[in-house]
Each structure stands twice: as structure tokens, then as C-alpha cells.
Amino acid sequence: MPIKIDKKTGRITLKTRRTMYVMEMKYGKYPVHLYYGKLSPKADAEYKCPLYSFAPYYEEYGWEYFPDVVMSEYPFFGSGDFRASAMKLRHLGNGNDTTLFTFRSARKFRGRKALPGLPFAEADRHTETLELTLNDDVTGCLLKLYYTVFKDCDVISRYFILENKGDCAVRLEKTMMLALDIPKGDYDLLTFTGGHCCERSLQRTPVMRGNQSIFSRRGASSHHFNPFMMIADRKATEERGNAYGFNLVYSGSFLNEIETDQTGTTRVLTGLGSECFNWLLEPGESFTSPEAVMSFSSDGIGQVSRNMHRFVRNHILPPEPFENRPVVLNSWEAFYFNIDAKLMTEFAAEAAKCGMDTVVMDDGWFGKRVNDHAGLGDWYENPDRFPEGLKKFAEEVKAQGVKFGIWIEPEMVNPDSDLFRAHPEWCIRAPGRELMVSRSQLVLDMANGEVVEYLKRSFKKVFDGVPIDYFKWDMNRHMCEVGSPALPPERQGEVAYRYMLGVYELFRWFNEQYPNAMIENCSGGGGRYDLGMMKYSSQIWTSDNTGPVRRTYIQHGSSFGYPAAVMSCHVSNHHDACEDPRMREFLFRVALNGPLGYEFNIFKVSDDAKEAFKKQVAEFRRCEKLIMTGDLYRLLDPNKCGKYCYYFASENSKEILLTFAQNFDDPRRTVHKLKISKALQNAVYTDLLSGKEYSGEELRRGIEIESSEQGNYAMTLHLVRK
Ligand code: DGJ
């Protein structure tokens with residue numbers, strides 16, 4: 001039983017396969033946090049007030065309970081806890097923002113409830129949910145805190161429902177879904193930061209007294225800080241030490257705070273924050289927050305990553321429409337906007353000859369979209385480029401023996417478009433302020449249901465009857481001057497959040513309307529690489545930077561929170577790589593880290609190169625299952641040594657795929673001893689690429705891989721048990 005509610009002691013215990021989480025209702029009123037860590041019978045935590053604080057306390061409880069230092073399950077603003085809070089609620093009758101809810105009841109149930117309009121993790125047969133109900137007599141609001149236990153992957157999720165049962169409106173002014181107080185210790189914070197073309201680079205810094213945060217105020221989870229983060233023991237390594245992982249099942253602006261107080265307790269908060277979100281709740285209304293997730297392991301950082309990978313694969317990703325992931329040839333880096341029916345059909349024929357099984361027609365096929373100045377929002381094929389219509393064209397592409405994919409950017413509009421001319425009020429804008437046009441585009445007001453319905457109608461009209469197997473859904477600018485002409489003044493703080501609800505609504509419509517097609521998500525590369533998007537799209541375009549050197553850092557960083565199954569990896573023609581066998585090999589080995597694809601002008605490559613691509617695709621197919629479902633073990637960090645090395649192991653360790661990639665020339669020829677601890681001690685493995693044999697013992701002790709004098713070098717071992 002994952003959840004135990006002890007009515008006598010008021011203690012509640014949540015258990016996953018290897019972890020345990022304990023809380024208690026202090027004085028029957030205040031939910032205090034007792035323990036989150038390794039599952040162990042000894043972990044029977046006691047409530048202890050960590051320290052005296054120079055802070056208010058309730059006279060009746062004396063110094064036993066200081067709201068300011070207690071480990072809290074869910075801290076409120078303005079009622080004696082001076083640390084960062086999870087919720088601030090303003091009473092709009094008296095204007096006061098003191099927030100305090102106290103415990104009323106607890107119950108558990110099998111499975112979980114759906115979150116209306118939002119992406120959420122799917123339950124399996126072991127899933128159980130705890131519902132804690134708290135109330136506040138002053139506002140008349142009920143707060144329901146949910147904890148869902150995903151036993152298989154050591155993940156616990158949190159979200160809340162706030163119901164206004166009072167007779168006066170309230171406003172949510174700070175909204176965090178997950179709060180966790182971690183006892184005093186020396187911790188590091190691991191975040192995944194960067195920008196366009198350099199997403200999710202690992203940054204490891206000490207957790208200090210004070211408040212640190214990562215965030216997005218862009219209306220998208222962003223290239224700049226990914227919402228996934230970790231807290232780990234200062235000495236924690238891939239295999240050893242305590243580590244926690246946190247993430248949000250949401251794709252818009254967010255705030256994650258890490259605050260260490262006077263006692264050394266570290267508070268972690270993840271949610272929507274207060275700058276880009278506030279919500280008016282009238283009497284009788286309720287608000288459901290997005291979901292946040294956490295995982296713990298005492299076996300190091302690598303195990304938290306594997307927990308998260310399993311969680312995404314088993315509970316987040318949509319059903320796979322195909323037996324194998326498509327190996328795409330995408331038109332963008334080949335032709336940019338210069339595409340038409342004839343070119344794309346010939347492109348498809350060449351792709352098929354190289355073993356690629358899907359052609360994705362990127363930007364440039366619709367409206368007046370011959371460059372990025374016009375056409376966004378006008379979702380009908382350009383008749384000059386597709387004179388016989390999209391359906392006939394798609395059928396011809398498929399007749400070449402490939403699947404057909406198409407690019408869309410539903411959330412945007414060019415001012416030079418029929419849509420904008422007809423509906424200038426359908427974009428995000430602030431009253432009286434100039435529109436900032438960026439990449440010649442504006443953001444459509446997805447908070448307005450009419451816009452979402454218009455998009456459904458347009459896409460239905462252009463795509464119905466067209467045999468589409470794959471959508472690449474792009475999003476290329478962030479929101480500023482945020483406002484919705486469709487919402488009243490008192491609801492303008494809800495725009496960016498309602499925008500995301502509109503986007504999710506459209507994603508669900510696509511999933512239902514085209515159940516046999518898969519969606520690849522993209523936002524100028526990996527600008528919305530998050531669990532919200534992963535709920536609807538099987539894979540995500542990792543980065544617009546397809547240079548293999550930078551990719552090793554991006555892929556390494558991405559692997560901390562997300563499985564390889566979502567990480568689109570393309571071999572592209574950077575540095576004229578297709579004709580240089582060494583570079584071609586390097587590109588491919590680096591790309592052999594997720595669903596494979598290609599992106600270059602195939603008409604310009606030699607027969608030799610085409611033959612090589614055919615072999616690459618065949619090799620990818622041989623190890624695809626292992627990449628999609630295997631457990632990942634990181635061995636070398638490119639940030640430390642310029643070398644990237646990791647392996648995937650199948651569940652029974654019958655198959656292991658190791659990749660070593662080196663970015664720079666190494667004249668000293670370093671030797672790395674790489675331990676494959678998942679290899680079976682008494683087994684013998686054959687490397688399918690070289691035919692060489694290795695004993696399990698030898699692999700576990702460590703095999704020596706020598707660096708190359710020249711950079712841009714990568715090698716793979718595909719070990720299969722004899
Ligand atoms: C940005 C994407 O990241 C690219 O791959 C490409 O699809 C362009 N947009 C098209 O405009």
C-alpha cells in the first residue's frame with residue numbers, strides 16, 4: 001500500500017519502491033513535514049522544532065512550534081513563516097493578504113483525478129493519491145492538496161485545487177505547487193541553463209543561505225532555464241549520495257525557488273510564482289493548479305535521472321503511433337523557405353534510397369510564406385508551390401516509400417497575413433502600447449477560445465484527407481506586453497496561463513483528430529523541452545544547434561531530467577560534414593543518443609555519403625529499442641573533460657550500448673577507464689561493430705578507451721550477451 005493514513009497519530013506515510021515520505025498534522029491543525037528519503041524501517045522521523053526563532057509563535061504551543069522554522073508541508077504567506085511561501089491569497093473584500101489554511105481531513109484513493117485542461121501524469125494500477133483538505137474560515141476557501149504516488153519510478157507528484165466557498169472574491173497572488181523542506185546539510189543545486197542554440201547546459205553550484213531561483217517570464221518554459229532541477233549532497237556523484245529531482249508538468253512561465261534559512265533547512269518551491277500569474281476566484285469558482293513532480297535517490301544523481309526517465313516514458317509520453325520512431329529527413333537546413341511540390345517529392349525519393357523513412361516538409365509551404373515576413377496564420381497551401389493541392393502532393397511523397405511530415409506554427413501570426421488583417425484583436429497585446437514585432441511575428445491570443453476554434457477549423461480544412469504521419473509543431477517567439485483583448489481588466493493576470501490552456505487544448509485536438517500521426521515539438525529548437533509538451537508530443541527538437549560539439553553538452557544536460565526517447569538528434573551538414581568520412585562518423589555517433597534524423601540537401605551529397613547514411617540508419621534500427629527504453633548511465637561529463645561518454649543497458653543487461661565522443665584534439669592521448677557496472681559478471685559480450693569479445697567481469701572492472709589525437713572523434717560499442 002503506497003499510502004498509509006494513521007488516524008490515531010495523524011501521521012501519513014507515502015511509499016514508493018525505494019523512497020518514503022512522512023508528514024504529520026501538528027496539533028491536528030498544521031501539516032508538518034517529517035521525512036523524505038530512502039525507504040528504511042529506521043526512517044521513523046520525529047517532529048522536532050529545529051530551533052528557536054526570533055519570530056511570532058502561538059502562545060498555547062510555546063517554543064515547540066515556530067511557523068518560521070518548522071518543516072512545513074505547504075507554507076503560507078504572512079502568517080508567521082517568513083521564508084518563501086507556496087501560496088499568497090488576497091481577500092478582495094478586506095484587501096488583506098494574510099494566508100493560512102488549517103487541516104480538516106485526509107483521504108486516499110486509487111489512481112488519480114484528471115486535471116481539467118492540463119497535462120498530467122497517467123496512473124498505472126499501483127498509483128494511489130492522497131487528498132489533504134485544508135480550510136480557511138476568513139476567506140471561506142477550501143484548499144485540497146494532492147500527492148500522487150508513482151511507485152514504479154520513485155516519483156511523487158503534487159498539485160492543488162482551491163475552491164472559493166465563501167461569499168467574497170479572492171485573488172491568488174503567489175502560486176507554487178510543490179514545497180519541500182530538506183533538513184540542514186551541504187547541498188549543491190544542479191540547474192540546466194543556456195539560451196537559443198545552447199540549451200540545458202549543466203550548472204552545479206553550492207546552495208547558500210538566502211534565496212536562489214530559476215525561472216521563465218517568457219510565456220514558455222524557455223531555452224534559458226529548464227524547469228527541471230536537482231538538489232544533491234555536495235559530495236554526491238553519479239552513483240553515490242542523496243539527490244532530489246524536481247520538475248513541472250507545465251510549459252509556460254514558472255518559478256523554482258531554493259531558500260536556505262537561519263537553521264540551515266533548505267526549502268524548495270516549484271510553481272507559477274507571482275510575477276507572471278495571478279488568478280481571480282469568484283465565490284463558487286475553483287482553480288486547479290498544474291502538477292509538479294519530485295524524486296529522491298540515495299544512490300546518486302544518475303539514479304534520480306533514471307527515475308525521471310522511467311516516469312516520463314511510463315506516465316507522460318503519448319501512445320506511440322508507429323512501431324519504430326520515424327527516421328526523418330527534414331527540409332529546413334537543406335532549403336529553408338525555398339520548397340515546392342516537385343522539390344519535396346524528389347527529396348522524398350532520395351531519402352527513401354538512403355533508408356530514411358519520413359520526409360518532413362518544414363516552413364514555407366503555406367499562405368504567402370516564402371520568407372519569414374508573411375503568411376503565418378494563413379493555413380492553406382501556397383497554390384504556386386503546390387498547384388495540385390496538398391493531398392495529391394502528400395500522396396506523391398508517400399508513393400516514394402516514406403511517411404509524410406509537415407511543419408506548423410499554430411500560435412503565431414505575421415502582421416502581413418489575411419488573419420491579422422481580419423483580426424488584429426486576436427494577438428497578445430497591452431492596451432495603448434506599441435506591438436513589438438519580432439521575427440516579423442506576433443503571438444496569437446490563445447487565451448481567447450475563438451482563436452483556438454479558428455485554428456481548429458483552419459487546420460481541419462487544410463489537413464483533412466491529407467495522409468499526414470508527423471507534425472513538427474514550432475513556436476518562435478516569446479510574449480511581451482502581455483494582455484488579452486478578450487479578457488476583462490480584472491483577469492489580465494491570467495492571460496499567460498490561459499494562453500497555455502489554449503495551447504494544450506489545441507494539442508489535444510491534434511492528438512484526437514490525427515491519432516495516427518506523431519507530433520514533434522519545437523520552439524526555436526528546445527525552447528519548450530518540458531513535461532507539459534511531452535504529454536502531447538513523442539519527441540522534441542533538442543536544439544537549433546546541430547553542431548556535434550555543442551550537442552554533446554546539450555544532450556548531456558538534457559539527459560539529467562529527460563529520457564533519450566524524447567531527444568530528436570539530427571545529422572546535419574555542418575562543416576560540409578557529409579563528404580568527410582571522419583566528420584560524418586562523428587555526427588552520427590553523437591546523434592546516436594535519441595530518435596535519429598537528418599537535415600541537409602541530399603541532392604548535393606555523393607553516392608559514398610548516401611551509402612554511409614544507409615548503413616547509419618540500419619545501425620540505428622539495431623539499437624533503437626535500447627536507446628528508447630534502456631537505462632542510461634553517464635560516465636564522463638563534457639563540462640569537465642571535453643568528452644562525453646554514457647551507456648544504455650537493457651533491463652536484463654543482455655544488451656549494452658556505449659558511446660564515447662571527444663570534442664577536441666588530445667595530443668597527450670588520455671586513457672579513460674570506463675566501468676560498465678551494469679554488465680553481468682559471468683557473461684561474455686560481443687561487440688556487434690568490431691566483433692571483439694569482452695567478459696562481463698572485464699567490463700565491470702573497466703575498459704580502457706584511449707582518446708584520439710584529433711578531435712571530432714566518437715566511437716560506439718554495441719555489446720550483446722553471447
Ligand atoms: C525554428 C526551428 O527550430 C527550425 O528547425 C525551423 O523549423 C524553423 N523554425 C522554421 O521557421
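**Cavities and helix packing in the predicted model**

The lining of the second largest cavity comprises 9 nonpolar residues, 5 polar residues and 1 charged residue. The model described here is predicted. The volume of this second largest cavity is about 80 Å³. Its lining is built from 15 residues. S559, Y562, P563, A564 and L632 are the closest of these to the cavity centre.

In total, 5 cavities of 30 Å³ or more were counted. The largest cavity holds about 190 Å³ of space. Its lining also consists of 15 residues. Y65, S72, Y74, F76 and L100 lie closest to the centre of the largest cavity. By class, the lining of the largest cavity has 12 nonpolar residues, 2 polar residues and 1 charged residue.

Helix packing was examined next. Two packed helices are described by the angle between their axes and the distance between the axes. Helix α6 spans residues 449-463, and helix α7 spans residues 495-513. The axes of α6 and α7 are 10 Å apart. The angle between these two helices is about 25°. Angles under 35 degrees count as roughly parallel, and α6 and α7 are therefore roughly parallel to each other. Their crossing is right-handed. On the α6 side, the contact involves V452, L455, K456, F459, K460 and F463. On the α7 side, it involves G502, E505, L506, W509, F510 and Q513. The contact of α6 with α7 contains 7 nonpolar, 2 polar and 3 charged residues.

A further helix pair is formed by α10 (residues 581-591) and α11 (residues 607-629). The axes of α10 and α11 come within 11 Å. They cross at roughly 25°. α10 and α11 are therefore roughly parallel to each other. The crossing of α10 and α11 is right-handed. From α10, the contact draws on R584, F588 and R589. From α11, it draws on D608, A609, A612, F613, Q616, E619 and F620. Sorted by class, the contact of α10 with α11 has 5 nonpolar residues, 1 polar residue and 4 charged residues.

Terms used
Residues are numbered from 1 along each chain as its sequence is written. This is a predicted model: local features need pLDDT of at least 70, side-chain atom pairs count only at pLDDT 80 or more; totals for chains, interfaces and linings use all residues. Side-chain values use heavy atoms; hydrogens and water are left out. Axes are lines fitted to C-alpha atoms, for helices over the stretch in contact, and angles run from 0 to 180 degrees between N-to-C directions. Helices (H or I, at least four residues) and strands (E, at least two) are DSSP runs, numbered from the N terminus. Angles under 35 degrees count as roughly parallel, over 145 as roughly antiparallel, 65 to 115 as roughly perpendicular and the rest as oblique. A crossing is left-handed if the near helix is turned anticlockwise from the far one by less than a right angle, and right-handed if clockwise. Contact means heavy atoms within 4.5 Å. Ala, Val, Leu, Ile, Met, Phe, Trp, Tyr, Cys and Pro count as nonpolar, Asp, Glu, Lys and Arg as charged, and the others, Gly among them, as polar. On a 1 Å grid over the protein atoms alone, a cavity is a set of points where a 1.4 Å probe fits but cannot get out, and a pocket is an open set with protein on both sides within 12 Å along at least five of seven lines; lining residues have an atom within 4 Å of a point. Grid points are joined across faces, edges and corners, and a volume is the space filled by probe spheres set on the points.
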